[in-house]
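Try each task before reading its solution.

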Amino acid sequence: MSTATVPYGTVEDTTTDSRWTPVTVVATMAEAITGLGTNPMPLDGPLSWCAAQAALAAGVSLPPVGKEWTADLVLPLATWTAPPSRPDPDPRLLAADGQRVWGWACSRAEYVPVAHTVTQIRRRPAAAEMARYTQDRKHHSGLGPYKARDTTMSATLVQEIRWHALADWDGLATLLEHLTHLGRATRHGNGRILRAEIRPGVGDWTIRPWPDPNGGPGSIRAPYHHHTRRMPCSSTRPA
Amino acid sequence: MNPSMTTSRVHVPYLATLTAPLHHGAGTAGNTILLRTGPVILPDGRVAKVPFVSGNSMRHLLRAALAWHAARTLEIPDGSLIKPVVDLLWSGGAITRTGAETRLDILRRVERLHPPLTLMGYSAAADMTAGTLFVNYLNLVCGENQWRLPPTARDLPHAHKPAAVFRGEEFGTRHDVSGSPVDRYIQAVDDLLGATSTPTTQMIYDMQVLIPGSVLAGSFDLAASATVEHRRVLAVALDEVMPLIFGRRTVKVGAKTAIGYGVANVDIDLSPLCDVGEAREWWEQHLRDHREEILAVWREVVA
């Protein structure tokens with residue numbers, strides 16, 4: 001097991017541990033964030049991507065992101081535990097006590113939307129190149145996987161994104177060096193961050209998705225898109 | 001050759017000064033082709049809309065440049081590729097089937113043999129692989145954008161003027177042969193064949209542009225997980241789309257570049273990536289040395 005990943009069944013509630021500092025991360029945005037309206041975007045999501053970048057850059061071999069499971073990367077954040085909100089959680093989601101699930105002590109993204117807009121990504125089929133390099137007689141620009149596309153996605157214009165967390169300041173600063181973009185379609189420049197900084201904590205890190213049997217669809221920890229992290233969630237912190 | 005990791009992310013900023021009008025389309029209104037604009041929050045909280053060139057557009061320039069460069073270096077014969085491979089190289093490919101398995105072995109071979117695909121990201125069969133390259137928007141250097149410009153652009157006089165100052169309009173015409181010698185020649189044929197002449201109509205169209213002299217600021221971010229090979233290949237791609245002409249790097253961006261639009265002088269420092277000459281030499285040698293393997297892996301990845 002790599003030191004960059006969290007061993008299964010070892011996590012405990014460390015939210016009262018004095019080694020963690022309450023912090024607020026403030027990201028000043030240069031471009032609109034695609035898909036922000038449908039994503040609570042807790043800090044451990046982007047931070048987990050940063051941890052992967054840091055590990056790969058350091059030559060650490062990470063286990064592949066599989067369809068069945070993907071490993072939890074070590075983050076400089078405290079951890080919480082809570083009762084699972086579905087009866088059959090993947091055992092690898094469970095904390096050290098084998099009963100509760102765990103997650104990272106950080107809030108969802110806090111922001112004031114200034115305007116709502118769209119991100120458009122256009123894909124022109126390489127018809128001229130196909131004419132030259134293939135022997136196909138036709139190319140239909142409106143059908144099939146190679147058709148022309150103009151994908152429109154919702155985007156939100158915000159000045160700042162804020163997260164509150166219980167963190168190790170230096171470890172967090174090191175990981176945030178890798179954070180350049182937020183949201184979807186970032187390889188096309190969307191959600192570009194102008195600067196990200198850490199400030200002494202001024203907010204409530206518990207404003208985030210929590211497992212709740214009466215909640216709606218949600219995910220408890222990074223990577224939030226992975227189906228294994230999904231379970232009913234609400235904003236109410238369980239006992 | 002095994003891919004070797006770098007240790008930190010790379011940020012490559014650049015400035016593009018237009019020497020010809022630039023058009024980046026956003027549909028039409030009547031005969032006018034509109035300039036694409038995007039919203040930006042001003043420091044006082046109001047929202048303005050300013051022209052820009054999308055990262056999507058810039059990204060395609062790089063992907064297509066690498067594809068053409070590979071086709072040229074490998075001397076790909078006409079008619080020798082299959083459609084999914086052409087789509088993969090020039091457009092990034094597509095998901096063509098479902099599947100629960102990620103083909104890690106192929107991904108590793110792609111990484112080793114043809115790093116442009118893992119630099120830019122691609123989709124093939126049931127796999128979608130994110131690239132290590134972030135291509136940012138090309139933002140107009142103007143008052144509305146001043147707060148988000150790099151220091152090199154923030155002090156330009158352009159950064160203190162509203163975006164409207166840099167907007168203009170150009171027009172084009174389709175030559176009307178009516179009344180010309182060509183028209184009389186066609187008429188003669190029509191008379192001979194007893195055909196009815198098609199009346200020609202003069203066409204004029206106009207487009208909103210950014211005027212020459214406007215400056216745009218853009219950048220590229222390469223994630224820390226990018227390999228040394230990614231850096232080299234990116235340098236070659238940038239050298240392809242921004243060639244040195246009379247000692248200055250020049251790029252053609254936006255639409256209608258075939259009729260002279262979108263030409264810009266570029267100020268960019270590629271040294272944070274690598275030595276461009278060495279990178280080009282390495283990449284072209286790699287392509288030639290692994291020609292058959294590369295052609296095979298292209299077919300395999302889309303299978």
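**Exercise 1.** Find the ring that A:Arg229 lies over.

Solution. A charge sits over a ring if NZ of Lys or CZ of Arg is within 6 Å of the ring centre and within 35 degrees of the ring normal. A:Arg229 lies over the face of A:Trp69, 4.3 Å from the ring centre. A:Arg208 lies over the face of A:Trp210, at 5.9 Å from the ring centre.

Before going on, note that this is a predicted model, where local features need pLDDT of at least 70, side-chain atom pairs count only at pLDDT 80 or more, and totals for chains, interfaces and linings use all residues. Residues are numbered from 1 along each chain as its sequence is written, chains are lettered from A and ligands numbered from 1 in the order in which they are written, and side-chain values use heavy atoms, leaving out hydrogens and water.

**Exercise 2.** Work out why the pair A:Tyr133 and B:Trp90 is stacked.

Solution. Rings of Phe, Tyr and Trp (its six-membered ring) pair if their centres lie within 6.5 Å; planes under 30 degrees apart count as stacked, over 60 as edge-to-face and the rest as tilted. Here the centres are 5.7 Å apart and the planes at 25°, so the pair is stacked. This pair crosses between chains, from helix α2 (residues 127-133) of chain A to helix α2 (residues 83-91) of chain B; helices are DSSP runs (H or I, at least four residues), numbered from the N terminus.

**Exercise 3.** Decide whether A:Tyr133 is buried or exposed.

Solution. Buried means under 20% relative accessible area, exposed over 50%, partly exposed in between (1.4 Å probe, protein chains only). A:Tyr133 has 2% relative accessibility, so A:Tyr133 is buried.

Methods:
Helices (H or I, at least four residues) and strands (E, at least two) are DSSP runs, numbered from the N terminus.
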